[in-house]
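Subject: Structure handover

Hello,

Here is the structure we talked about, passed on for your own work. My notes on it follow below.

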Amino acid sequence: MPIDHRKLSRRSVLAGTAAGAVLLGAPGIVRAQTKALKIAVLLPRSGYLAQAGQSCHRGALVAPSVLSDFGHKVELVHIDMESNPDVARTQAERAINEGAQCIVGAFDSAGTLAIAQVCEQRKVPLVVNIAAAPQLTEQGYKYLVRNFPTGGMLVRNGLQQIQALIDTTKIAPKTAVFLHANDNFGMAQRKGMDALFPKAGLPFKLLESIPYDPKAQDLSVEVTKIRGLNPDLLLVVTRAADAIKLVRDTVRQKFQPMAIISPGAPGLYDEEFYKALGPLADYHVDALPWANPKSKVTQALEAAFTKQQPKYRFPVECFNVGFTFDALLIAADAFKRAGTADGPELMKALMATDLADHAMIGPPIKFDAKGQNVDIPSSCVQNRNRTPTVVLPADAATMAPVLPMPPWQGRT
Amino acid sequence: MAITLNVIVQGVLTGLVYGLMALGLSVIFGVMRVVNFAHGEFTVIAMYAAFILFEMLGLQPLIVLLPIAAAFFVVGYLLQRSLISPFVGRAEHEQFILLVGLATVIVNGLLLVFGPDARPINLPYSFDSYAIGSLFIDKVRVYAALGAFAVAAALFLFFRYTRTGTAIRACADNLTGAAVVGLDVKQLYAVTFGLGLACVGAAGTLMATIADASPSLAQAYTLLAFTIVIIGGLGSMVGALVGGVLIGVSEALAGFYIQPSMKSMFSFALLIIVLVLRPQGLLGRRL
């Protein structure tokens, strides 16, 4: 078809150019003005962290419907980082290339650090759900916020809760032994204990810190050693399999402490622990951040979780599920306030977060200049009828703490 | 003093079960000169077998000990006839690749079927112990050690007093001579591999009472069995039991007096000392 050059004017060329520019720039504008925030959720769903990663994933799966009920619109892309920081980096890069406007993850500190570097380069906000390495908020990242305590905060808050537990139950322990796995997490907790216990002002003496190999067949030698020291309290940092061995050998050697308390570590509240030990799994205490059973957000989350994941118990999963949900809620809330998914604008809104209603126990979520929520309290969770139950602080507790724990005999 | 004695007794009891596990490796190597690199993996299969029989039928490990050992004998016999036999007499690296491949298949199969979680057998006496003065000795450990001792004794008697046992010893001592006098060497090798796996089956069943079954244990058990037989003397049956007890006690004492997390370091230190001072092992000689 011949072109009628007479109809081509300067004005029409300008209009055409402008229209073309609008069309070419459309993806960026659309990306910034979408009605739902596109979030890539990166978690270690396979590999050695799979158990916890899958638990977080279940929280992410249930989140969109709950967030929708609270007036937030999110579109989630679920990505497995295979418990591998290199995979985490590559997958974060890929997710952003495919349109992710925010990233939530990644349970593991090493993986989260790898993702943080990508987010910083691409100016895409990262909301950390679970990762305790202090350097995440100490290295000056401008596109990262973390709603999870650092390792030091976990130990300090855990020790405060132990003091509160002693005050509430009126027990009078004189001595304690600290038993911990000699893996990365256990050694970090040991470092925290060494630094913070002398300043914590607790009314008992720490007799000894005993590291153990988590691959050990049993903990009989460790328990024999503890029995020789005869402490009133046993403070432990374990994983589920070791916690089972510990309680089993403690019962066999008829050693009866006032309490077995974990100052901020998993193991004592795993489903595996309850199944293996039955009534012997009861009365152990974990001092760590926990979902608030009295929060309306937690109640909505629990109802949705129970419906969608009937094979899993929310009270057992709520640590991973709650923190993952809260991370998504923080991102969705910032998006709503910012009115755009543009990275710098969304990040400004994230830093201005002041979120009173959320799943985990604690005051409104806020971030300091480094992107760290410095006010995430621990709570005391005691196993009661094979269910982790909040017993402190009083405003979130559904039961009163029971210590000293009842004797082993008669429980089997 | 009482606590030290407690630690030693627990170490001896655990060491006897370790020894039984290593006995299977020692028997197979002593006769066939094949090193079973899938030894720990077979031990873990036996642990799962005991777990399944307990969970599904309520049968306690001490009751299913002999049936599991018998089943493992059959598996070992068939495995030797079908898979191992062509590799007997071939270069060590070929045997190594074959058995490491088998080990990899077993571990991944177990992970697929059972997942990575540890599976405990909760017996009615799992949490009980015998109190002798200030000594507390776990019931499960006592039963497991007695079981291990009984199986090891039966194996000694078999090799000493039966015609098949004598024939197997003849094969181990002089293969050519055994063939010349008309012994069916292939058949005897299959029986030997079966006996080795029967030991593993029994040891795994007993182990399931003191440790929780998990695929991740397999490699550690293979390494442990190797350490024990090298210390005791490759091919020596008594050496395997002695090595097991030595490892059990040294790990327990090192864990108690030095640092629990350094337990396994001491078994390897013992291994190095034995290799330097007595490379054939403490009781090293052919079966």
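Helix α11 (residues 314–338) of chain A lies across β1, β2, β3 and β4 (126–128) of chain A, and it runs at about 160° to β1(A). Please keep in mind throughout that this is a predicted model.

The sheet in chain A

The strands under α11(A) belong to an open sheet of 5 strands, with the order β2-β1-β3-β4-β5 and parallel pairing. Its edge strands are β2 (74–80) and β5 (144–146) of chain A, each of which pairs on one side only. From one strand to the next the twist averages 20°.

For one pair I have the detail. Strand β1 (residues 37–43) of chain A is joined to strand β3 (residues 102–105) of chain A by 4 bridges in the parallel sense. A:I39 has A:C102 in β3(A) as its bridge partner.

A further helix, α2 (residues 50–69) of chain A, lies across β1 and β2 of chain A, and its direction makes about 165° with β2(A).

Domains of chain A

Chain A is divided into domain 1 (33–149 + 293–351) and domain 2 (152–288 + 379–392). Their C-alpha centres lie 30 Å apart. The contact between them takes 7 residues from domain 1 of chain A and 9 residues from domain 2 of chain A. On the domain 1 side that touches domain 2, the residues by class are 6 nonpolar, no polar and 1 charged.

Helix α7 of chain A

Helix α7 (residues 220–229) of chain A has 8 of its 10 residues buried, so it is largely enclosed by the rest of the structure. The buried residues are A:S220, A:V221, A:E222, A:V223, A:T224, A:K225, A:I226 and A:R227. What covers them includes β6 (175–181), β7 (205–212), β8 (233–237) and α8 (240–252) of chain A. The cover also includes α1 (2–32) and α10 (237–257) of chain B. Just after α7(A), A:N230 takes a positive phi of about 50°.

A loop residue

A:I365 sits in the loop between α12 (343–351) and β11 (379–384) of chain A. Is A:I365 buried or exposed? The cut-off for buried is 20 or more other C-beta atoms within 10 Å. A:I365 has 22 C-beta neighbours inside 10 Å, and therefore counts as buried. Leaving aside its neighbours within four places in sequence, A:I365 is in contact with A:N147, A:I330, A:T353, A:L355, A:H358 and A:N373. Between A:I365 and A:I376 there are 8.2 Å in space, C-alpha to C-alpha, for a separation of 11 residues in sequence.

Chain B

Chain B has 11 helices and 2 strands. In sequence order, its pattern is α-α-α-α-β-β-α-α-α-α-α-α-α. The radius of gyration of chain B is 19 Å, close to the 19 Å that the globule rule gives for 287 residues, so chain B is as compact as a globular protein of that length. Taken along the principal axes, the box filled by its C-alpha atoms is roughly 60 × 45 × 35 Å. Of the 287 residues of chain B, 51% count as buried. Among contacts in chain B between residues at least 6 apart in sequence, those joining residues at least 24 apart make up 80%.

Regards

Technical notes
Residues are numbered from 1 along each chain as its sequence is written. Chains are lettered from A and ligands numbered from 1 in the order in which they are written. This is a predicted model: local features need pLDDT of at least 70, side-chain atom pairs count only at pLDDT 80 or more; totals for chains, interfaces and linings use all residues. The radius of gyration is taken over C-alpha atoms; the globule rule is 2.2 Å times the number of residues to the power 0.38. A residue is buried if 20 or more other C-beta atoms lie within 10 Å of its own, exposed if 12 or fewer, and partly exposed in between; C-beta atoms are placed from the backbone. Two residues are in contact if their C-beta atoms, placed from the backbone, lie within 7 Å. Two strands pair if DSSP finds at least two bridges between them. Axes are lines fitted to C-alpha atoms, for helices over the stretch in contact, and angles run from 0 to 180 degrees between N-to-C directions. Domain bounds come from an automatic or database domain assignment. Ala, Val, Leu, Ile, Met, Phe, Trp, Tyr, Cys and Pro count as nonpolar, Asp, Glu, Lys and Arg as charged, and the others, Gly among them, as polar.
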